[in-house]
Amino acid sequence: MARPVILVVEDNRDNMILIADVLSSLDYEVVQARDGEQGLALAQQSKPDLILMDLSLPRMDGWATTRELRKLPDFQSLPIIALTAHAMSGDRERALQAGCTDYISKPINLQELARKLKQHLQLGEDNS
Ligand code: MN
């Protein structure tokens, strides 16, 4: 079976390196986007199995990018997990309202990340 493809939309370079390393070590294929517009383009090109979406992004933020993705037929039920700043509970509410499936607080707990990826990828399989 092909490795699951995870699209990571994250403008912070250190976070991107950390996340990409962890995902590679878990045997996921990683596609990297550094702003919302690139995320939207790469989502359509790479057909990911799951998207990790930073919310605070240049050009098009994570909420707007998620809303745009949800308008597209291929992305209506795809798991999109928001990466939110720790103290900002309002951000989480807005992320769910924008169409995100779930969220992970920053700083990212790597065990939580691994667990949520597995959980949402399995849910996606069950529904197909
Ligand atoms: Mn950011």
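Reader: With which side chain does the side chain of Asp 102 make a polar contact of 3.1 Å?

Author: In this predicted model, Asp 102 is found in strand S5. Two side chains make polar contacts with the side chain of Asp 102: one, at 2.9 Å, is that of His 120. The other, at 3.1 Å, is the side chain of Lys 116.

Reader: Is Asp 102 buried or exposed?

Author: Asp 102 touches Ile 80, Ile 81, Ala 82, Leu 96, Lys 116 and His 120, leaving aside residues up to four places away in sequence. Its relative accessible area is 13%. Buried means under 20%, so Asp 102 is buried.

Reader: What is the order of the strands in the sheet?

Author: The sheet is open and has 5 strands, with parallel pairing. S2 and S5 (102–106) are the edge strands, each pairing on one side only. From one strand to the next the twist averages 20°. The order is S2-S1-S3-S4-S5.

Reader: Which residue in S4 stands opposite Met 53?

Author: S3 and S4 pair in the parallel sense, over 4 bridges. Met 53 stands opposite a residue of S4, namely Ala 82.

Reader: At about what angle does H1 run to S2?

Author: H1 lies across S1, S2, S3, S4 and S5. Another helix, H3, packs on the sheet and touches S3 and S4, its direction making about 150° with that of S3. For H1 and S2 the angle is about 165°.

Reader: Which residues are the protein donors of the manganese ion?

Author: The donor residues are spaced D-x42-D-x1-S in sequence. Asp 11 lies in the loop between S1 (5–9) and H1 (13–25) and Asp 54 in S3 (50–54), so this pair ties together parts that are 43 residues apart in sequence. The donors lie 2.1 to 2.2 Å from the ion, and they are Asp 11 (OD), Asp 54 (OD) and Ser 56 (O).

Reader: How many residues does the largest nonpolar core have?

Author: Leu 7, Val 9, Ile 51, Met 53 and Leu 69 have the most contacts inside this core. S1, S2 (29–33), H2 (36–46), S3, H3 (62–70), S4 (80–85) and H4 (89–98) each supply at least two of its residues. A second, separate core of 16 residues includes Tyr 28, Ile 81, Leu 83 and Leu 117. The number of residues in the largest core is 22.

Reader: Against which elements do the buried residues of H2 pack?

Author: The buried residues in H2 are Gly 36, Gly 39, Leu 40, Leu 42 and Ala 43. Leu 7 touches several residues, including Gly 39, Leu 42 and Ala 43. The elements that the buried residues of H2 pack against are S1, S2, S3 and H3.

Reader: Which residue caps the N-terminal end of H2?

Author: Just after H2, Lys 47 takes a positive phi of about 45°. At the N-terminal end, a side-chain oxygen lies 3.0 Å from the backbone nitrogen of Glu 37. That oxygen belongs to the capping residue, Asp 35.

Reader: What separation do the C-alpha atoms of Pro 4 and Ser 46 have?

Author: Pro 4 is found in the segment before S1 and counts as partly exposed, at 24% relative accessibility. The residues it touches include Tyr 28, Asp 49 and Leu 121. Pro 4 and Ser 46 are 42 residues apart along the chain, and their C-alpha atoms are separated by 11 Å.

Key
Residues numbered from 1 in each chain as written. Predicted model: local features only at pLDDT ≥ 70, side-chain atom pairs only at ≥ 80, totals over all residues. Heavy atoms only, no water. Donors = N, O, S within 2.8 Å, 3.2 Å for Na, K, Ca; no water. Core = buried A, V, L, I, M, F, W, Y, C linked by side-chain atoms within 4.5 Å. Buried < 20%, exposed > 50% of the residue type's maximum accessible area, 1.4 Å probe, protein only. Contact = heavy atoms within 4.5 Å. Polar contact = N/O pair within 3.5 Å; in protein donor to acceptor, adjacent residues only side chain to side chain. Pairing = 2+ DSSP bridges. Axes fitted to C-alpha atoms, helices over the stretch in contact; angles between N-to-C directions.
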